[in-house]
Amino acid sequence: MASFRSYTLSISYFLIFSILFTPLYGAFVEEFSDTLTIKRSEKTSHLHFYFHDIVSGKNPSSIKVISPGGDGIYGFGKTFIFDDALTVGPNASSKVIGRAQGIYSIASQSELALLMALTFEFTEGKYNGSSISILGRNPVPKDVREMPIVGGTALFRFARGYALAHTSMFDIKSGDAIVEYNVFVQHF
């Protein structure tokens, strides 16, 4: 009887330690060694397009979703959500190559500076179905503003780089703007 009890106790300890100390190799956790990964060369692409931010009219592409009281001189806290056309040229009639979708907020109390979280989703050409994500500060009065690329999808998977924004046109009465973008993105 003592040897059976000892045997049962040994099996119990074995099962407990097996469960507790077995490494997990599932769909959620997977590691790759350098010898198994495929080496791909990284390249830098320069993209040039125009962003049409339309806040006026019957069908605006950008709408205010938050407008806190006490706007102040710069409108601190105002937040907009947008789905803007990306075109090859500055004219609204230029070929549409994608959409800029995201939000921007006036994030400074001392100057007109936006916090922008946006995705450029491309719908034409070589990058059709690919996107680039940007998260950064946009000090609007500056002639050229730089914002970081924080990622991407499809052909821009693992993307990094920067976007340079330059206001091509701003209508003070309507608030509509056309912004020229030069985007330098590193990707595989």
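Select Tyr 104 to begin, and you will find that, leaving aside residues up to four places away in sequence, Tyr 104 touches Asp 53, Val 55, Ser 62, Lys 78, Thr 79, Phe 80, Phe 82, Leu 114, Leu 115 and Met 116, where a contact means heavy atoms within 4.5 Å. The model is a predicted one, in which local features need pLDDT of at least 70 and side-chain atom pairs count only at pLDDT 80 or more, while totals for chains, interfaces and linings use all residues. Residues are numbered from 1 along each chain as its sequence is written, and side-chain values use heavy atoms, with hydrogens and water left out.

Tyr 104 lies in strand E4 (residues 96-106), a strand being a DSSP run of E with at least two residues, numbered from the N terminus. Because its relative accessibility is 8%, Tyr 104 counts as buried, a word that stands for under 20% relative accessible area with a 1.4 Å probe and protein chains only.

Now show the side chains of Asp 53 and Ser 62: the side chain of Tyr 104 makes a polar contact of 2.7 Å with that of Asp 53 and another of 3.1 Å with that of Ser 62. A polar contact is a pair of N or O atoms within 3.5 Å, and within protein one must be able to donate a hydrogen and the other to accept it, with residues adjacent in sequence counting only if both atoms are side-chain atoms.

Next, select strands E7 (residues 145-153) and E8 (residues 160-170), which run antiparallel and are joined by 5 bridges; two strands pair if DSSP finds at least two bridges between them. Here Arg 145 stands opposite Ala 165 in E8.

Conventions:
Helix = DSSP H or I, 4+ residues; strand = E, 2+ residues; numbered from the N terminus. Buried < 20%, exposed > 50% of the residue type's maximum accessible area, 1.4 Å probe, protein only.
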